[in-house]
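Here's a quick tour to read with the model open beside you. Have the viewer ready and click along as you go.

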Amino acid sequence: MLTRLADLAIRRRKLVLLTTLFVFLVAGAVGGGVASRLSTGGFDDPSSESGRVATVLDETFDQGDPEVVLVVRSEKGVDDPAVVAAGQRLTERLAGEDKLYNVVSYWSLGSPPPLKSKDGTTALILAGIDGTDDDYDEVAEALAPTYNGTIDGLDVQLTGFAEVFRQVGHTIEKDLARAEAIALPITLVLLVLIFGSIVAASLPLAIGAISIVGTFLVLFVVSSFTEVSVYALNMTTAMGLGLAIDYSLFVISRYREEVRDGHDVATAVRRTVRTAGRTVAFSAVTVAGSLSVLLLFPFAFLKSFAYAGIAVVTVAGLATVLVLPAMLAALGPRIEKGRILKREPKPVGEGFWHRVATTVMRRPLPIATVVIAFLLFLGAPFLNIDFGLPDDRVLPTDNPARAAIDDIRNGFDSNESMPIQVVAPEAGTLSEIDAYAAQLSAIADVVRVDAVTGFYVGGAKVADPLPLSARHVAQDSVFFNVVYDIEPMSAEAVDIVEAIRDLDAPFEVLVGGQTAQLVDSKASLFGRLPIALLLIAVITFAVLFMMFGSLLVPAKALVLNLLSLTATFGAMVWIFQEGNLSGFLDFTPTGLLDSTSPILMFCIAFGLSMDYEVFLLSRIKEEHDNGRDTVGSVAMGLERTGRIVTAAAALIAVVFLAFATSNITFIKLFGIGLALAVILDATVIRATLVPAFMRLAGEANWWAPAPLRRFHDRYGFSEGEDVTDAVLQQAALPDIDLTFLDLETERAIRRGDGRERERPLVSSRS
C-alpha cells in the first residue's frame with residue numbers, strides 16, 4: 001500500500017499537488033465558516049436523571065434554569081419608588097424579547113428578599129430561553145447591545161449561563177487567532193533552525209495548513225448531523241499543526257538520510273515512505289484509536305473532540321504519506337534552497353543521544369528506579385483530584401459577565417439562578433406535597449424550598465403560595481425548587497443532591513439542576529472509563545504487536561505512557577486545582593478540575609506519546625534486524641531519532657504553550673498539560689526509561705509465543721518492499737528482473753557480506 005502511494009506521489013506528483021490545492025481551496029471556502037455552526041454546550045448527559053429533569057421541566061412545565069440574568073443596580077436602593085417603577089418597566093421590556101419566557105424580577109414578584117442584595121442596592125431579573133444551547137448564544141448575542149449599561153437611570157449588566165458561554169466562545173475565537181499569531185512565526189524560526197533550509201522548513205507548515213483546513217471541512221459536514229462543540233476548533237488547530245510538524249520531521253529527516261546515503265530522489269522518496277511513512281501510518285492509527293474512545297461517552301463535548309481528532313489525524317497522516325512525498329519528488333535537490341545553516345552529521349556512534357543511551361544502559365536499574373520515583377512524586381497530587389463543571393470562573397475576572405456573577409456570588413444570600421430542581425412526574429395529594437417540601441427544606445445548607453403549596457424554610461412552611469406558585473404544577477406533575485447558599489460545584493452542594501436522592505419521598509422523584517448534573521456527569525464518565533481505558537490498551541497493544549511482533553514492547557509502551565501521564569496529571573492538579581501559579585498564569589482556582597479534562601487530556605496525550613514511541617522503536621527494530629545486539633540497536637536507534645524527537649517535541653510544545661495564553665482556564669490547562677506531557681515523554685521517558693527497560697529485557701524485547709509469532713509472520717506489517725535499480729547496480733549484481741526485495745535483504749546486499757544468499761531474494765510479500 002505504502003509503495004503504491006510512493007509511486008503515485010513520484011509519477012503523478014503534479015496531479016497529486018494540483019488535486020490537493022483544489023481540495024484545500026474548496027475546504028477553506030466551505031469549512032472556513034464552521035465556527036458559526038458549532039455549539040457552546042454539550043457538557044451534560046441527556047439520558048441521565050438530571051437530563052431527564054431538564055426535559056420534563058421544558059416539555060411539561062415550560063420551565064427551566066434562568067439562562068438570562070440581569071443584575072440591576074441603583075445607589076438609591078432597589079426599594080426606592082422611582083427605582084421600583086423603572087425596574088418594573090425593565091422587566092416588561094425584557095419579557096417582550098423573542099424566545100424569552102418566565103421573565104420575573106424582584107419587583108414583579110413582590111420584592112422577595114432572595115432577589116435583593118444584602119446591601120439593598122442590587123436586584124435581579126431572571127428569564128428562561130425557549131430553545132437549545134445554540135439558541136442561547138443567538139439570544140445572548142441579540143440582548144447584549146441593549147441590556148448592558150445605563151437604562152432608565154438603572155445600571156444594568158447582562159449575565160447568566162447564556163451570556164457567560166457566549167463570552168467563552170468569543171474569547172476562544174480571539175485566543176485562537178492570538179495563539180496562531182504566536183505559534184506560527186516561532187515554529188517557522190525553529191523549523192529553519194532545525195532543517196537549516198527555508199524551503200524544507202516551509203513543508204511542515206504546508207502539511208499543517210492542509211490538515212487544519214481539511215478538518216474544518218469534516219467538522220462542517222459532521223455538524224449537519226449532530227452537535228459539535230466549538231471547543232474542538234482549538235484541538236483541530238493545535239493537533240493539526242503539531243502532528244504535521246511531527247510527521248513531516250520524521251519523513252523529511254529520513255529522506256535527507258537516504259539522499260546522504262547516495263540514493264537518487266525517486267529512490268529516496270520510496271524508501272522514506274516505506275520506513276518513516278510506515279511509522280507515520282502506524283502512529284496515526286494509534287492516535288486515532290486513542291481518540292476514538294471518546295465516542296463512548298454520552299457528552300457532545302467529548303464526542304466533538306473525537307470527531308476533530310480522528311479527522312485531523314487522518315488528514316495529517318494521509319497528507320504526510322502522499323502529499324509530502326509528492327512535494328519532495330517535485331522539489332528534489334531544491335529542498336535545500338534557502339539554506340542558512342550547514343551542519344554535517346556526526347560519525348555513527350558519537351552523537352549526544354548515543355552517549356545518553358549507553359550511559360543509561362550501563363546502570364539501567366538504579367537509573368530507572370530514580371526516574372520512576374521522580375515521576376510518581378510528580379503524580380502524587382493526582383490522588384487528591386476533585387471534579388467539577390466549567391462555570392463563569394473560566395473567564396478572566398475583568399470580563400463583565402463574570403464580574404456580574406461574582407457580584408451575585410458575594411452580594412446575595414442565596415443562589416437563586418441555579419437551584420436544585422426536584423420533579424415528581426406523578427405527584428400525590430397536597431398534604432403529601434406539603435410534607436415532602438418541608439422535608440426538603442430541613443436538609444443541611446438548604447435555605448428555602450419553593451412548591452405549589454407555598455414556601456418552606458428549616459422544615460416548616462413559612463408562607464402561603466403566591467400566584468407565581470402555580471407554575472410548580474402541570475397536570476399530575478409538580479416540581480420543587482431547592483435553593484441553597486453555597487457554591488453549586490462544592491462538595492456540600494453534592495451532599496444536598498445525594499441527601500435528596502436518599503430521602504424517603506411519598507412519590508417517585510427525579511433530581512436535576514447544575515449540581516445534580518455534576519453528580520450524574522461524574523457517574524457517566526467514570527462508569528464508562530474502565531471500558532475506555534481497556535479499549536485504548538487493546539488498540540495500542542494490537543497495533544504495536546502487528547508492527548513489531550513482540551509482546552513485551554507493547555506492554556512496556558503502555559506502562560511508560562501511564563507513568564508519563566501520571567506525572568502530568570499530578571502537575572495539573574497542583575497548578576489548576578490547588579491554585580499554585582494561579583497568579584503567574586492569571587486564572588481563578590476553584591478547587592476543582594473540569595471532570596472531562598483528565599479523560600480528554602489522557603486520550604490526546606496518550607496518542608501523541610505513541611508518535612515518539614513508534615518512531616523510536618521502529619529505528620531500534622530496524623537496527624536489531626540489521627544484526628546489532630540489544631545495546632547497540634537501542635543506542636543507534638536513540639542516536640538516529642533523539643534529535644528529531646526532541647525537535648518535534650519542542651515544536652509541538654510551542655504550539656500547545658501558545659494555546660496556554662488563552663484567557664479561558666480549561667484551554668490554558670490543555671495547553672500547559674499537553675506541552676508538559678509531550679516534553680516529559682520525549683525527554684525523560686525516551687532518554688532514560690526506554691533504554692533502561694530494553695537493556696534489562698534484552699532479547700526478550702522481541703519475544704512472542706510461537707503461535708503469535710507465526711500469526712505476525714503471516715499477517716503482521718513489515719518494512720519489506722521494493723529496491724530500485726540503483727541499489728541493484730550499486731551491489732554490482734547481474735541484470736535480474738526483480739521488482740521487490742525486503743529491506744533486510746537489501747541491507748545485506750549493500751553491506752556485501754553475502755548474507756543475502758541465506759534467504760530468497762524475492763520477498764514473500766511481492
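Predicted model: local features only at pLDDT ≥ 70, side-chain atom pairs only at ≥ 80, totals over all residues.

Residues are numbered from 1 along each chain as its sequence is written, and side-chain values use heavy atoms, with hydrogens and water left out.

**Salt bridges**

- The structure holds 33 salt bridges (a side-chain nitrogen of Lys or Arg within 4 Å of a carboxyl oxygen of Asp or Glu).
- One of them joins the side chains of aspartate 135 and lysine 99, at 3.3 Å from N to O. Aspartate 135 sits in helix α5 (residues 133–143) and lysine 99 in the loop between α4 (81–95) and β2 (100–105), so this pair ties together parts that are 36 residues apart in sequence. Helices (H or I, at least four residues) and strands (E, at least two) are DSSP runs, numbered from the N terminus.
- Aspartate 135 is buried at 18% relative accessible area, whereas lysine 99 is partly exposed at 35%. Buried means under 20% relative accessible area, exposed means over 50%, and partly exposed is in between (1.4 Å probe, protein chains only).
- Arginine 393 and glutamate 487 also meet through their side chains in a salt bridge, again listed at 3.3 Å, N to O. Distant parts of the chain get linked here: arginine 393 is in the loop between β6 (387–388) and α13 (400–411), and glutamate 487 is in the loop between β12 (477–484) and α15 (491–502), 94 residues apart.
- Arginine 393 is buried, with 12% relative accessible area, and glutamate 487 is partly exposed, with 24%.
- An α-helix has 3.6 residues a turn, so residues three or four places apart point the same way.
- Aspartate 625 is partly exposed at 28% relative accessibility, while lysine 621 is buried at 18%.
- There's also a network of salt bridges, linking Arg254, Glu257, Glu258, Arg271, Arg619, Glu622 and Arg640.

**Helix α20**

- Helix α20 (residues 630–659) has 30 residues and should span 44 Å at 1.5 Å a residue; its end C-alpha atoms are 40 Å apart, which agrees. The expected span is 1.5 Å times one less than the number of residues.
- α20 has a kink of about 45°, centred on threonine 641 (the bend is the angle between axes fitted to the seven residues ending at a residue and the seven starting there).
- Of the 30 residues in α20, 24 are buried, leaving the helix mostly covered.

**Strand β12**

- How many residues of β12 are buried? The count is 8 of 8, so the strand is largely enclosed by the rest of the structure.
- Both faces are covered: Ser477, Phe479, Asn481 and Val483 lie on one side, with Val478, Phe480, Val482 and Tyr484 on the other.
- β12 pairs with strand β7 (residues 420–424) in the antiparallel sense over 5 bridges, and glutamine 421 has asparagine 481 as its bridge partner. Two strands pair if DSSP finds at least two bridges between them.
- Strand β8 (residues 446–451) pairs antiparallel with β12 too, over 4 bridges, and asparagine 481 is the bridge partner of aspartate 450.
- β11 and β12 form a hairpin with 2 residues between them, and glutamine 475 in the turn has a positive phi of about 55°.

**Threonine 665**

- Threonine 665 lies in helix α21 (residues 665–697) and is buried at 14% relative accessibility.
- Leaving out residues up to four places away in sequence, threonine 665 touches Arg393, Val394, Phe576 and Phe587 (contact means heavy atoms within 4.5 Å).

**The open sheet**

- An open sheet of 5 strands runs in the order β2-β3-β1-β5-β4, with antiparallel pairing.
- Its edge strands are β2 and β4 (149–151), each pairing on one side only.
- β4 pairs with strand β5 (residues 154–159) over 3 bridges, and threonine 150 stands opposite aspartate 155 in β5.
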